[in-house]
Amino acid sequence: MNKKAHSNPKSNAWLIYFAIMLVISVGVVFGSSAIAKAAKEADNKPVAVDFTIASTTPMSVAENELGITGVEKAFDGANNVVAYVIKQQAVGYNQESPIEMATTITADGKIVCGIEIISQEETEYLGVRIMEDSFTNQFKGRQLPLKGAGSILKGSEVDLIARSTVSSQAVVDAVNNAQEYVTANLAE
């Protein structure tokens, strides 16, 4: 039997097309995951806050449902508005006594300069850890909005405190509420 009669070079072209499509598909999958990883790293990289607050002046608080109780306009040494200090209440694990805190956000409402837990009555040994520097320091220089680590939401990740996620998530939510207030009422 003549093998040439049964062999058509065009019939093997599908193997070449398949190989090309496989290479392109693998490239798209790995390329898109690399792009997603780079975007996530960019969201999570803290930004340097390069100003010092020299003074603050109190402002009136617009009616809100975000837990905002006080607002101060923050100025640098040249009397430029650089940030807002938002005082607020957040409901954590102890729903009877809210967490009192202050969040400082840049004047454009895009970056957290820092947070301070003023008072709290969360659970002993667990929820009280929201006052520790290891928790509060991770907010400095974070781009807004924030999200708890592992969340599918978009935003800068903040590590929640193990076995105290309700208290630490309440702080994250309060910072996002402060940003919402700043962008809706104050941002220039």
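Phe-135 and Phe-139 are both buried, that is, under 20% relative accessible area, where over 50% is exposed and anything in between partly exposed (1.4 Å probe, protein chains only). The model is a predicted one, in which local features need pLDDT of at least 70 and side-chain atom pairs count only at pLDDT 80 or more, while totals for chains, interfaces and linings use all residues. Residues are numbered from 1 along each chain as its sequence is written, and side-chain values use heavy atoms, with hydrogens and water left out.

Rings of Phe, Tyr and Trp (its six-membered ring) pair if their centres lie within 6.5 Å; planes under 30 degrees apart are stacked, over 60 edge-to-face, and the rest tilted. By this rule there is one aromatic pair. It is edge-to-face, because the ring centres of Phe-135 and Phe-139 are 5.3 Å apart and the planes stand at 80°.

The chain contains four helices and seven strands, taken as DSSP runs (helices H or I, at least four residues; strands E, at least two) and numbered from the N terminus. Their order along the sequence is α-α-β-β-β-β-β-α-β-β-α. Of the 188 residues, 35% count as buried. Among contacts (heavy atoms within 4.5 Å) with a separation of 6 or more, 50% join residues 24 or more positions apart.

A nonpolar core is a set of buried Ala, Val, Leu, Ile, Met, Phe, Trp, Tyr and Cys residues joined through side-chain atoms within 4.5 Å. The largest has 29 residues, of which Ile-86, Ile-115, Phe-139, Leu-146, Val-171 and Val-175 touch the most other members. Two or more residues each come from strand 2 (68-75), strand 3 (81-90), strand 4, strand 5 and helix 4 (165-185). Helix 4 gives the most, with eight residues.

Ala-107 lies in the loop between strand 4 (99-106) and strand 5 (112-119). This residue counts as buried because its relative accessibility is 10%. Its C-alpha atom is 8.5 Å from that of Ala-74, 33 residues away along the chain.

The chain exposes about 11,700 Å², 56% of it supplied by carbon and sulfur atoms; accessible areas come from the Shrake-Rupley method with a 1.4 Å probe, and for residues only the protein chains shown count as cover. Phe-18, in helix 2 (residues 13-44), is exposed, with a relative accessible area of 51%.
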